[in-house]
Amino acid sequence: MIRRILSTAALEFRIALRNRWVAIATALMVVFALVLAAAGAAPTGDIGADRLSVVVASLTSLAVYLVPLLALLMSFDAVAGEVERGTLPLLLTYPVARAEVLAGKLVAHMAILALAVGAGYGAAAAAAVWTDPASIAGLPALWRLMWSSTLLGATFLGAGYALSSFARRPSGAAGLAVGLWLGLVVLYDLALLALIVADGGGGFTTEVLPVALLANPADAFRLFNLSAAEATAAAAGVGGAAATIPLWQSALSVLAWPLAALGLAIAAFRKVTP
C-alpha cells in the first residue's frame, strides 16, 4: 500500500513541477515572508520580544490566508480534472484503491507546501537572525509554525479534494473552493467579531466563542501558534483569544482537522462514477 501511495505521490509531484506549482508556491511564500520580516518586526522593542518571535506572529497571520489558498488552488481539480480529461476511468483500472489515490495526491501536495513554507519561513528567519543574533531564541516558535502550517494546508487539501469530488467539473470546484476560502478564512472571523461586539462581554464571548474558534481550522491554527508565542501582543482581533484557550485544545484541533478533511474527501471520492 505504501509503495502505491508513494508512486502516486511521485507522479503528482512531477505533474506539479511541470505545471510550475512548486515554483509558484515557493516564490509567493518567500516574497510575502520577507516583506513581513521587514515590516512586521517594527514593534519588537515595544512588546519586549525578540525579533524572530515578532516575525513568527506576523507569519502566522500570513499563513492563515496564504496556505489555505495555495492548498485549494492545488487541489480543486484533483478529481474534477481527472473526470474532465477522461483519465479517471483509466486511473481506476489500476490496482490502487481510491483512498490510496487521494493519499498519494495528498503526500505530493503536502510536500510542495512544505517546500514553500520552509523556503519562505527560512528566508524570514535568516533575515531576522542576521539583523538580530538574539532572535535565535525564537526558532522553536518558527519550527512549530512550520509543521502546523503544513497541517493547515493538509486540511484545506482534503477539503479541496472533497469539493472536487462533489462538483466533478473544474469550474464548479473552483467556485466552491473560492467560496470555502472566503467563508472560513475571511467571513467567519468577521461574523465572530460582529457577534462579540453585539454580545458586549456576555455569554457568547465567554462560552461560545472558544468553541467557535476551535471549530474553524484556520482559527485553531492561529490560536495554537499565538498561545505559545512570546509576541502574542503583536497580534490583534480574534487572535487575542489565544490567552484564554488552553494550548492542548488548539493543538488537538490542528491535528484532528486534516484527518477529518481527508476522511470527507475519501467518502466523496468513493461516490464519483467514471
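## Contact of α2 with α4

Trp21, Ala25, Leu28, Met29, Phe32, Ala33, Leu36, Ala37 and Ala38 of α2 are in contact (heavy atoms within 4.5 Å) with Arg51, Val55, Ser58, Leu59, Leu62, Leu66, Leu70, Leu73 and Met74 of α4. By class, this contact of α2 with α4 comprises 16 nonpolar residues, one polar and one charged. Here Ala, Val, Leu, Ile, Met, Phe, Trp, Tyr, Cys and Pro count as nonpolar, Asp, Glu, Lys and Arg as charged, and the others, Gly among them, as polar. Helices are DSSP runs (H or I, at least four residues), numbered from the N terminus.

The axes of helix α2 (residues 21-39) and α4 cross at roughly 155 degrees and come within 9 Å. α2 is therefore roughly antiparallel to α4, a term used for angles over 145 degrees. Axes are lines fitted to C-alpha atoms over the stretch in contact, with angles running from 0 to 180 degrees between N-to-C directions. The crossing of α2 and α4 is right-handed, meaning that the near helix is turned clockwise from the far one by less than a right angle.

## Basis of the model

This is a predicted model, in which local features need pLDDT of at least 70 and side-chain atom pairs count only at pLDDT 80 or more, while totals for chains, interfaces and linings use all residues. Residues are numbered from 1 along each chain as its sequence is written, and side-chain values use heavy atoms, with hydrogens and water left out.

## Contact of α1 with α7

Helix α1 (residues 2-18) packs against helix α7 (residues 98-131) at an angle of about 50 degrees, and their axes are 7 Å apart. The two helices α1 and α7 are therefore oblique to each other. The crossing of α1 and α7 is right-handed.

On the α1 side, the contact involves Arg4, Ile5, Thr8, Ala9, Glu12, Phe13 and Ala16. The residues of α7 that they meet include Glu100, Gly104, Lys105, His109 and Leu115. The contact of α1 with α7 has 11 nonpolar, three polar and four charged residues.

## Pockets

A pocket is an open set of points on a 1 Å grid over the protein atoms alone, with protein on both sides within 12 Å along at least five of seven lines; lining residues have an atom within 4 Å of a point. Grid points are joined across faces, edges and corners, and a volume is the space filled by probe spheres set on the points. The largest pocket holds about 610 Å³ of space. Of its 24 lining residues, Glu12, Ile15, Glu82, Arg85 and Lys105 are the closest to its centre. Two or more lining residues come from each of α1, α4 (51-75), α5 (80-85), α6 (88-93) and α7, and α1 gives the most, with eight. The lining of the largest pocket has 12 nonpolar, five polar and seven charged residues.

The second largest pocket has a volume of about 190 Å³. Among its 13 lining residues, Ala159, Leu180, Leu184, Trp257 and Leu264 are the closest to the centre. α8, α9 (170-199) and α12 each give two or more residues to this lining, and the largest share, five residues, comes from α8. The lining of the second largest pocket has 12 nonpolar residues, one polar and no charged.

## Cavity

The structure holds one cavity of 30 Å³ or more, a cavity being a set of points where a 1.4 Å probe fits but cannot get out. The largest cavity has a volume of about 50 Å³. Its lining residues include Ser148, Phe221, Trp257 and Pro258. α8 (139-167), α11 (217-227) and α12 (247-269) each supply at least two residues of this lining. The lining of the largest cavity has seven nonpolar residues, three polar and no charged.

Terms used: Angles under 35 degrees count as roughly parallel, over 145 as roughly antiparallel, 65 to 115 as roughly perpendicular and the rest as oblique.
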